[in-house]
Amino acid sequence: MTATSVPDARARDVAIINARIDRLPKWGLGTSAFVILGACYLLAFYDIAVIGVAMPSIAQGLHLTSAETTLPVSVNLIGYIVGALGLGNLADRFGRRPVLAAVVVILAVSALATAFSWDVMSLTVFRFIAGIGTGALITLAATFIGELSPAKSRGRYLARNAFWTTVGNPIPALIALWLVHANVGSGWRILLAVPVVMALALFFFRDSMLPESPRWLASHGDLARARRLADQMERRVGAGSLPADEEAAAVELAAAAHETTFRAVELLRRPFVGRLAVVFGMWFFFYFGMYAFLAWGPTIYEHLGATTSAADLMTALGFAGGIIVAGLQILWIDRIERKLTIIGGFTVFVIGFAVMALSAGEVMVTIGSVIASTGAIAGMIPAYAYTAEIFPTRARASAMGLGDGLGHLGGAIQSFVVVGVLSSAGPRPALWLMAAALFIAVLFMLLAVRTTGRSLTELTATDTGKAPAETAAA
């Protein structure tokens, strides 16, 4: 160990806590954490998907013009950016769990308020608040799971939690089908109110079920509590004490990993600024295509000749493909390099859009929808894992907010662009535009660093021989 790489006592302790979690053979907590975070994930993605399904009924009920329907969709995504950036930064300062609890309250209250919208401005304001909640929740949940997971199976546990995103997506369309069948005139209000049940999760926010991240506790000086949680995780899986050679290796990386000294502003310096640029570009163009698909998919189907009920059914069937691939992805996410899985998923997403654009009937449109949804989930789940694992603990939630959060600018602007193309040129050029955005996201991921199977400490070390070489990223 060189003189410049000798860490102080606190950095050594943090490195050892990280190494103890990274070496665990499996998840060191009970299933309760998965259930709590999974339920929150499900309802957050329900809230994201519901606006596209409900918008035709909302427009009719509130007498909105086509131009007015873009406002709540875009403002919701601006709220997402505010939540991911602002509350992500607070989570780096005050802890993952307390900020997550506040986010749950925001989402539950905003869902109920949205259901009582009376005009376009009230709808827009409430959707902005809901966006703050979804942006922060998705950022925090991915950060939380990543920090609680062992290095060799981090992707699998993130995939298990993110599986519930795929369940949340089709539920609005299925409920909408029931409401149409039951002829409920204000059914869109019921659709929008569903996430209020998220408030029930607050009863389970305690150490025995959802503890604070030991990595965060250690990096902020609460070593006693971090050690106690690490002890509990080791006992649960029978891991035993950290071997001396592994402890020495962890300490060797400690100074370079910046776990006790890293400031969020350092994300704008090399090598992290390059990583931020990659994930921002990837998320920007992914969300352009993804949110266009979520928000305007049913409308595009109707422009292609489907009835409203058929469009809802196409949407539900499309998301069903995502559920299947999300379940299968748990099996392979830690066996295949993360960046390659993301690239493959996004490529399938592009193919789905192409099939829909070239379709000549409802059957082909439905097949294209299934392919697109499958590719979206196949790429999105490992993309969340990738974004959550390439930055230091002390700024991980902030980095998620900058990359994933600001990336939602793509989703915010798509409403104006896609609606304009849809109105002036029709559904097929709109689909080709969405495909082009996803292709650009693929190009950004070609620049990504290798992450699968590597410890969080190693991935954030930048001045030792064990640090990942940015020049060898591809």
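Biologist: What does contact mean here, and which residues does Phe286 touch?

Modeller: Contact means heavy atoms within 4.5 Å. This is a predicted model. Residues up to four places away in sequence are not counted. By that rule, Phe286 touches Phe346, Phe349, Ala376, Met380, Leu438 and Ala441.

Biologist: Which residues have the most contacts inside the largest nonpolar core?

Modeller: The largest nonpolar core has 145 residues. Two of them have the most contacts inside it. They are Ile58 and Phe286.

Biologist: Which helix gives the most to this core?

Modeller: The helix in question spans residues 32–62. It gives 21 residues to the core. It is helix H2.

Biologist: Is Pro72 buried or exposed?

Modeller: Pro72 sits in helix H3, residues 66–94. Buried means under 20% relative accessible area. Pro72 has 0% relative accessibility, so it counts as buried.

Biologist: Which residues does Pro72 touch, not counting those up to four places away in sequence?

Modeller: Take Ile51 for a sense of distance: it is 21 residues from Pro72 in sequence, and the C-alpha atoms are 8.9 Å apart. The contacts are another list. Pro72 touches Met55, Leu123, Thr124 and Arg127.

Biologist: Why does Phe204 count as partly exposed?

Modeller: Phe204 lies in the loop between helix H8 (187–193) and helix H9 (214–219). Phe204 counts as partly exposed because its relative accessibility is 36%.

Biologist: What share of the residues in the protein chain is buried?

Modeller: The protein chain has 474 residues. It exposes about 16900 Å², with 67% of that from carbon and sulfur atoms. Buried residues make up 62%.

Biologist: Which element has the lowest mean pLDDT?

Modeller: The protein chain averages a pLDDT of 80, and 87% of the residues score at least 70. Over residues 1–6 the pLDDT is below 50. Over residues 463–474 it is below 50 too. Among the elements, helix H18 has the highest mean, 94, and the lowest, 60, belongs to helix H11.

Technical notes
Residues are numbered from 1 along each chain as its sequence is written. This is a predicted model: local features need pLDDT of at least 70, side-chain atom pairs count only at pLDDT 80 or more; totals for chains, interfaces and linings use all residues. Side-chain values use heavy atoms; hydrogens and water are left out. Helices (H or I, at least four residues) and strands (E, at least two) are DSSP runs, numbered from the N terminus. Buried means under 20% relative accessible area, exposed over 50%, partly exposed in between (1.4 Å probe, protein chains only). A nonpolar core is a set of buried Ala, Val, Leu, Ile, Met, Phe, Trp, Tyr and Cys residues joined through side-chain atoms within 4.5 Å. Accessible areas come from the Shrake-Rupley method with a 1.4 Å probe; for residues, only the protein chains shown count as cover. pLDDT is the predictor's confidence in each residue, from 0 to 100.
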